[in-house]
Amino acid sequence: MIQFRNLALARGARRLIDNLSLQIHPGWRIGVVGANGTGKSSLFALLRGELQQEQGDLDIPSAWTIAHVAQETPALTCSALDYILEGDAELRRVQRDLVAAEVAHDGHLIGELHTRLQEIEGYSANARASTLLHGLGFSDADFSRPVSDFSGGWRMRLNLGQALMCRSDLLLLDEPTNHLDLDAVVWLEKWLAAYRGTLLLISHDRDFLDACVTHIAFLDAQKLTLYTGDYDAFEDQHAAQLAQQQALFEKQQREVAHLQKYIDRFRAQATKARQAQSRIKALARMERITAAHVDTPFDFAFPEPDRAPDPMVTLKDVQLGYGDKTIIAKLKLELRPGARLGLLGPNGAGKSTLIKLLAGDLAAQSGTVLLGKGVVLGYFAQHQLEQLRPDESPLQHLIRQEPMTREQELRDYLGGFDFRGPMADAKVGPFSGGEKSRLALALLIRHKPNLLLLDEPTNHLDLEMRHALTLALSEYEGSMVLVSHDRALLRTVCDDFLLVADGLAQPFDGDIEDYLVWLDARRSREAAARVDVQAADDKASRIASREAEKADRQARIQRRRPLLKELEQLERKLQGWQGEKKLLDERVSDPALYASGDGALVQSLLKRQGELGASIDAGEERWLEIQTELEEIGEV
């Protein structure tokens, strides 16, 4: 097990963890939660041996293999499949040693290495790596592509796959879902739930934590507190502690009222019965959820839009894609004021492509795209973070956007996103991904958009900011199109869903739970199809093998036939020659032959004896050659 004894951890002059005494038993799956900057990633660096404690002791079994996700991926030329296999270091070492042993014809070592391969399931390694790649969203065609071909987000998926491939005793995952979409997230949580080692997982996705973990480690105010159960259980316990404080309890009630108001409005729509039930269930647990977050530093709301044209957006027979490749065809969509549309669909189906079309970043290949007069877009995507100016502060970004607004008003506004005091004046360049996402959202909201286009807005956001964003979106009066792998966000803020799959975008009659059922069924069909393809390939391989064997047999028959005929003739000749020579040997050894005085006869017999000997020698040599050839050809 892992044991902390009176441990203190710091970064520079700042102490992150103080007086930590804790045991982590093998097989525990622990979700590590806490606000950004409290020291979660530093704790992982300590466990990896990249950081040393200030005081106290940390004991990790020396024989344990520790796996984590690399943050950088070189532009390697090796294939994606080979890159994943590199995650199992012992497998690769045994494979290299086996090649060397075979070159050296070391039979004893070859046997030992094959035994070890069997023990570490090396013969199924390719199949395991293929399963990981499929689960993380890669297609069969991607397996052979070099790593250098993939974009940064996809390389992070490869790094995650390499960490999962490692037969680890301790697995450290820091925000593994940031670069995944919903189908890959669902697959990953099932994989982690079946993981046999010890797992420490930093995540801000509550549904993901609930599906994966057995404990929660809450890092706050330099203390790491361990709770038994999933994230819901942690919130229950944490909420009970905080709810004792009356002032915080009153704030809780106000936030619950926000959601109740939204649900009342939502339930009034008779056509939304299923989604209404989903929202009512969400409200049933909102009191404890909100209580667990009443001390959040975030407090903001979307300003009410000035106006809302009707319709907001109209798409007629739109076809969209890139170059000659079509991603979505026959798309028809009308967004009315107040629309709250979630985009669902498997990886690569075109959800982000559709968002880009609505944002004006991508032109349609054909069809009509009409944007209502007076539509004010608020577009959030990950590339938006790259447009922030690294040498400017959050306040300077906002002043450039609103030069006539009083500075104190802008500072108050930034405070709602936890950019207070020195943080409002600090340069953006060194900010974390979560801090940059918060700033991008703050700048977006300030525009008073009446149509929000949000592509994975919760990436890098901690649980407190996700909670604040969810509440703000619940109260937002404008229209919205959302792509997210955060099921809690989708479940809470979306009224309708559009399923983007198989080249089409169609209304989805159901809620998030129904979509997860659909997704599981689709994944099962795809797995069965791969089995069918493999079976068909195996059948074709068997047929080709039989045909090759038949052709080989015919070729060997053709080679054997003349040799056998020659052998039969040669054996008859040898038998005749050997019989004749035996008689001649007896005759020339008879003294009476030489007493007769017939010298010519003697010469004739001796000459014939020599000829027979030569013929027999040549015949026997040829007989041996034929036998050798027949052995090489083999039986037919």
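1. E121 sits in the loop between α4 and α5. Its phi is near 60 degrees, a positive value in a residue other than glycine. With a relative accessible area of 47%, E121 is partly exposed (buried means under 20% relative accessible area, exposed over 50%, and partly exposed in between, with a 1.4 Å probe and protein chains only). The helices and strands named in this note are DSSP runs, numbered from the N terminus (helices are H or I with at least four residues, strands are E with at least two).

2. The basis of the note is as follows. The model is predicted, so local features need pLDDT of at least 70 and side-chain atom pairs count only at pLDDT 80 or more, whereas totals for chains, interfaces and linings use all residues. Residues are numbered from 1 along each chain as its sequence is written, and side-chain values use heavy atoms, with hydrogens and water left out.

3. A second residue with positive phi is Q222, for which the angle is near 65 degrees; Q222 is likewise a residue other than glycine. Q222 belongs to the loop between β8 (215-220) and β9. Its relative accessible area of 33% makes Q222 partly exposed.

4. Helix α4 covers residues 107-119 and contains G111. G111 counts as partly exposed, at 34% relative accessibility. Between the C-alpha atoms of G111 and A359 there are 62 Å, and the two residues are 248 residues apart along the chain.

5. Helix α5 spans residues 125-135, and its buried residues are A125, A129, S130, L132, L133, H134 and G135. After the helix comes G137, with a positive phi near 100 degrees.

6. How do α5 and α7 pack against each other, in angle and distance between axes? The angle is about 140 degrees and the axes are 9 Å apart, α7 being the helix of residues 182-193. Axes here are lines fitted to C-alpha atoms, for helices over the stretch in contact, and angles run from 0 to 180 degrees between N-to-C directions. The two helices are therefore oblique to each other (angles under 35 degrees count as roughly parallel, over 145 as roughly antiparallel, 65 to 115 as roughly perpendicular, and the rest as oblique). T131, L132 and G135 of α5 meet A184, W187 and W191 of α7, where contact means heavy atoms within 4.5 Å. By class, the residues of this contact are 4 nonpolar, 2 polar and no charged (Ala, Val, Leu, Ile, Met, Phe, Trp, Tyr, Cys and Pro count as nonpolar, Asp, Glu, Lys and Arg as charged, and the others, Gly among them, as polar).

7. Helix α7 also holds E189. This residue counts as buried, at 9% relative accessibility. Apart from neighbours within four places in sequence, E189 is in contact with D207, F208, A211, C212 and R487. E189 and E435 are 246 residues apart along the chain, and their C-alpha atoms are separated by 26 Å.

8. The whole structure contains 3 cavities of 30 Å³ or more. A cavity is a set of points, on a 1 Å grid over the protein atoms alone, where a 1.4 Å probe fits but cannot get out; lining residues have an atom within 4 Å of a point. Grid points are joined across faces, edges and corners, and a volume is the space filled by probe spheres set on the points. The largest cavity holds about 50 Å³. Its lining consists of F4, L22, I24, I30, V32, L43, L200, A217, L224 and L226, which divide into 10 nonpolar, no polar and no charged residues. Strands β2 (14-24), β3 (29-33) and β9 (223-228) each supply at least two residues of this lining.

9. A cis peptide bond runs from D310 to P311, with omega near 0 degrees. P311 is placed in the loop between α12 (286-291) and β10 (313-322).

10. Helix α13 (residues 351-359) is mostly covered, since 7 of its 9 residues are buried. These are K351, T353, L354, I355, L357, L358 and A359. G360 follows the helix and has a positive phi, near 85 degrees.

11. Leaving aside neighbours within four places in sequence, its contacts are P305, V376, L377, G378, L444 and Y476.

Methods: On a 1 Å grid over the protein atoms alone, a cavity is a set of points where a 1.4 Å probe fits but cannot get out, and a pocket is an open set with protein on both sides within 12 Å along at least five of seven lines; lining residues have an atom within 4 Å of a point.
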